[in-house]
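Welcome! Please have a look at the structure below, and then we will walk through it together.

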Amino acid sequence: MAKHTGRTKAASFLSDGFRLAAAALVAFMLVWTLWSSFIPTPTPTPALSTPTFPDRTSAATTDATPSVSCNDNPGPDLRHDPPQKNFYDDPKLSYTIDSPPVKNWDEKRRAWLEQHPSFAAGAENRIFMVTGSQAAPCKNPIGDYMLLKLFKNKVDYCRRHGIDIFYNNVLLQPKMFSFWAKTAAVKAAMLAHPESEWIWWVDSDAAFTDMDFEVPLHRYKEHNLVVHGWPRLVHERRTWTGINAGVFLIRNCQWGIDFIDVWASMGPQSPEYGKWGKTLSSMFKDKIFPESDDQSGLIYLYLKEEEKWGNKIYVEGEYYFEGYWLEIVETLDNITGRYLEIEKNAAALRRRHAEKVSERYGRVWEEHLKEAGYGKGSWRRPFITHFTGCQPCSGDHNQMYSGQTCFDAMQKALSFADNQVLRNYGFLHPHLLDPSTVNPLPFDYPASSI
């Protein structure tokens, strides 16, 4: 696949300009929140360029039924760890973000996989997810409840796709508060999971709203970091809201380790923190708070050190790798209706099946979604809905909307996602704003009435 630079895949500059103006207004309204929590708000997603996604057709069924034995274990051997030494036996190895750099990580990972051959199969596409929140109880009375539901949502997605997940709720570097905490957690996950090619950070306030969608890793084979954003806005307008750092995939390789170290060096544990605040404020004129933040730092590396970092960063704008909730939630009812109409006319999609084979039916769905599009204006389920600005734990939400608006939107999106999970258990939420009520599904739903 051709290298993605944004110079060939961006939407029209005029359209982007309008959205940039809207983003600037949002940033201005958010300034008081940013002083306390520094959580940036994304701009709305622009129109898509022509998507180039895989032609995911339904898997062929086999005539033969494989034999099943309790002793069969085709997956990784979790009990095998040979006595031969590897990088874990090096007393100088440190998991901390401010420790000496890890060297020769690609070779160390390769040697570890050779020692653990059951993990080698499929390692090039294996993903490990990291997310988290604060250790103390939330200030917002409903904050812990919402974080639990948001975590359940991530666990549901990971279970359906065979992805391991780590929820971190401690500061692995005490000075790296708020959004800076992610860099320390991601580096530790890289070292703890050499079996995984990709580490996937997902903010606690982001929800998976398409449980079937699979990350198109083939798009990123020439890249080491994937973030959501709009390259043309970043290159031509130098806006700090042109990329969102709340959801990203980073390759578990030497480049990834080095990038995390350099990125984290802009954080509050660094003696250069004040200097970086001035540098980033000077570079991004629409950045109206003086402190160094992770998102501006990432964009700085993307733009200023293109040869070393920027060329390996894929800025994804063709589907909702993370999407702004205000432009998504109001579309969910219409999307539900479109999907139900398709199911009524497609018996293969209505068939009951075990949750473990859900990916097969997700690929069948792709045959019916060719005209749906991706992102803004699409009637496809949005992949990830990000509740930036809602601050469910602190309750210090953006003053552009009420706390109740945020709460209702999160409940609706989470019930929308939960219905995709509950279908395999024979139940459904009849109303998206009532997460406590479910109805049993009749056979052949939705061709039959509920």
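**A walk through the fold**

This is a predicted model, in which local features need pLDDT of at least 70 and side-chain atom pairs count only at pLDDT 80 or more, while totals for chains, interfaces and linings use all residues. Residues are numbered from 1 along each chain as its sequence is written, and side-chain values use heavy atoms, leaving out hydrogens and water.

Let us start with the whole chain. The protein chain has 14 helices and eleven strands; these are DSSP runs numbered from the N terminus, with helices being H or I runs of at least four residues and strands being E runs of at least two. Of its 450 residues, 54% count as buried, meaning under 20% relative accessible area with a 1.4 Å probe and protein chains only. Among contacts between residues at least 6 apart in sequence, 77% join residues at least 24 apart; a contact means heavy atoms within 4.5 Å.

Now find the sheet. Six strands form an open sheet in the order β2-β1-β3-β6-β5-β7, with mixed pairing; two strands pair if DSSP finds at least two bridges between them. At the edges are β2 and β7 (313-316), each of which pairs on one side only. From one strand to the next, the twist averages 25°.

Which strands pair with β1? Strand β1 runs parallel to β2 (residues 164-168), joined to it by five bridges, and Thr 131 has Tyr 167 in β2 as its bridge partner. Strand β1 also pairs with β3 (residues 198-202) in the parallel sense, over four bridges; here Phe 128 has Ile 199 as its partner. Elsewhere in the sheet, β5 (residues 225-229) and β6 (residues 243-251) pair in the antiparallel sense over five bridges, with Val 226 partnered by Leu 249 of β6.

Is β1 enclosed or open to the outside? Six of the six residues of β1 (residues 127-132) are buried, so the strand is largely enclosed by the rest of the structure. In a regular strand the side chains alternate between the two faces of the sheet. In β1, Ile 127, Met 129 and Thr 131 point one way, while Phe 128, Val 130 and Gly 132 point the other way.

Helices lie against this sheet. Helix α6 lies across β1, β2, β3 and β6, running at about 10° to β6. Helix α10 (residues 294-304) packs on the sheet too, touching β5, β6 and β7, and its direction makes about 60° with that of β6.

Helix α6 has a helical partner as well. The axes of α6 (residues 181-192) and α8 (residues 254-264) come within 10 Å and cross at roughly 160°; axes are lines fitted to C-alpha atoms, for helices over the stretch in contact, and angles run from 0 to 180 degrees between N-to-C directions. The two helices are therefore roughly antiparallel to each other, a label for angles over 145 degrees. The contact includes Val 186 and Met 190 of α6, and Ile 257 and Ile 260 of α8. Its residues divide into seven nonpolar, two polar and three charged; Ala, Val, Leu, Ile, Met, Phe, Trp, Tyr, Cys and Pro count as nonpolar, Asp, Glu, Lys and Arg as charged, and the others, Gly among them, as polar.

Finally, visit Glu 343 in helix α11 (residues 332-344). Glu 343 counts as buried because its relative accessibility is 4%. Not counting residues up to four places away in sequence, Glu 343 touches Leu 349, Arg 350, Trp 365, Arg 423 and Pro 446.

Definitions and conventions. Angles under 35 degrees count as roughly parallel, over 145 as roughly antiparallel, 65 to 115 as roughly perpendicular and the rest as oblique. Buried means under 20% relative accessible area, exposed over 50%, partly exposed in between (1.4 Å probe, protein chains only).
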